[in-house]
Amino acid sequence: MGENKKAANPVLKYIGNNIIVFLLLAVAVFVGITRDNFFSMSNFNNLAANTAVRFLIALGVSGCLITKGTDLSAGRATGLCACLAGVLLQRVDYSGRLFPGLPEFNLLTALLVVLLVGGCIGLFNGFIVSVVKVPPFLATLGTQTIVYGIALVFTNASPVGGFKENYTKFCNGKILSFGGFDGITYLMIIAAISGVFFWLLYNKTTHGKYMYAIGGNESAAEVSGVNTVRSKMIIYTLAGVMYGLAGYLLAGKSGGASSGLGMGYELEAIAGATIGGVSTTGGIGTVPGILVGVLVFELLKIVLQFLGVNPYYNYIVQGVVIIVAVALDIRKYLAKK
């Protein structure tokens with residue numbers, strides 16, 4: 001009896017540490033049983049597409065969180081990059097082209113430009129946080145406002161549309177469609193490749209080792225010879241690159257972009273990462289956990305839709321989930337102390 005109890009403890013501990021994930025999954029199963037078309041291919045595709053883009057943003061934010069920072073500019077940076085991608089890839093013959101004199105860009109060149117701009121935004125954040133020593137919350141809050149203003153000026157607050165057909169086809173494209181299987185989207189493939197890259201970066205490189213060391217105890221990391229300024233600059237720059245990639249794919253997936261696109265995405269990314277086990281107290285977080293957290297958070301949105309909840313209440317529910325997730329994380333941290 002004693003051995004069985006000991007064997008069960010790790011399982012109970014795991015469930016307790018991830019209670020919010022299991023509760024939301026239980027609600028999703030209940031809705032799936034009681035509502036028609038919940039377990040359908042169209043619903044799965046919708047969930048997969050939304051999760052893929054949010055996962056890219058959450059991967060970018062995760063490094064900031066692990067080092068006890070944050071990035072409130074993530075959503076606006078994604079929106080600006082989406083607008084930039086849209087402008088670069090508007091059809092030449094489109095009557096509403098924002099910049100008629102702009103030369104025609106191919107998909108790869110536009111992607112590189114967008115990633116560069118996203119990286120520059122991240123580099124700016126990294127400089128302000130690590131060199132100027134402005135607290136990450138305030139630094140990225142300021143960047144959020146700046147980037148939003150740039151997006152408004154750049155687009156003149158006008159929607160961007162009329163994209164090239166190969167751009168929207170790529171962002172909504174699928175492979176391996178056969179029989180009743182609808183196929184795997186390119187978005188899912190890109191998200192999977194990005195996830196593998198970040199897993200290797202976090203677990204198999206010196207950069208990852210330094211990142212967790214900074215999150216655990218930055219002063220001790222500095223004493224041990226870790227260049228904390230350089231590490232943070234890399235973390236925030238890489239985060240900006242991920243926002244650029246997410247914006248590029250998001251615009252093509254949606255078939256349009258605007259300066260308001262991406263609003264609140266940073267909070268969703270932080271919530272997904274926190275639900276997935278990335279600690280707000282720093283030094284803890286895994287890529288698989290981030291994926292699970294983002295997936296569960298996106299699943300929550302779909303569950304609320306199928307339950308017929310007033311869309312205005314969705315924000316209230318999501319806010320409660322964020323507060324509970326952070327509160328549970330802090331309780332785990334205090335329990336360890």
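**Helix 5, its contact with helix 6, and selected residues**

Ile121, Phe124, Asn125, Ile128 and Val129 of helix 5 are in contact (heavy atoms within 4.5 Å) with Pro136, Ala139, Thr140, Thr143 and Val147 of helix 6. Of the residues in this contact, seven are nonpolar, three polar and none charged, where Ala, Val, Leu, Ile, Met, Phe, Trp, Tyr, Cys and Pro count as nonpolar, Asp, Glu, Lys and Arg as charged, and the others, Gly among them, as polar. The model is predicted: local features need pLDDT of at least 70 and side-chain atom pairs count only at pLDDT 80 or more, whereas totals for chains, interfaces and linings use all residues. Residues are numbered from 1 along each chain as its sequence is written, and side-chain values use heavy atoms, with hydrogens and water left out.

Helices are DSSP runs (H or I, at least four residues), numbered from the N terminus. Helix 5 and helix 6 (residues 136-155) pack at about 145 degrees, and their axes are 9 Å apart; axes are lines fitted to C-alpha atoms over the stretch in contact, and angles run from 0 to 180 degrees between N-to-C directions. The crossing of the two helices is right-handed (the near helix is turned clockwise from the far one by less than a right angle).

Helix 5 spans residues 107-130, 24 residues in total, and reaches 34 Å from its first C-alpha to its last. This is close to the expected 34 Å, the expected span being 1.5 Å times one less than the number of residues. At the start of helix 5, a side-chain oxygen of Asn106 lies within 3.2 Å of the backbone nitrogen of Leu108.

The loop between helix 6 and helix 7 (165-172) contains Asn156, and Ala157 lies in that loop too. Most residues other than glycine have a negative phi. Asn156, however, has a positive phi near 55 degrees, and the phi of Ala157 is positive at about 60 degrees.

Asn50, in helix 3 (residues 41-66), counts as buried (under 20%) because its relative accessible area is 17%. Leaving aside residues up to four places away in sequence, Asn50 touches Lys253 and Glu298. Arg230, in helix 11 (residues 228-254), is exposed, with a relative accessible area of 55%. The C-alpha atoms of Arg230 and His207 are separated by 9.8 Å, with the two residues 23 apart along the chain.

Methods. A polar contact is a pair of N or O atoms within 3.5 Å; within protein, one must be able to donate a hydrogen and the other to accept it, and residues adjacent in sequence count only if both atoms are side-chain atoms. Buried means under 20% relative accessible area, exposed over 50%, partly exposed in between (1.4 Å probe, protein chains only).
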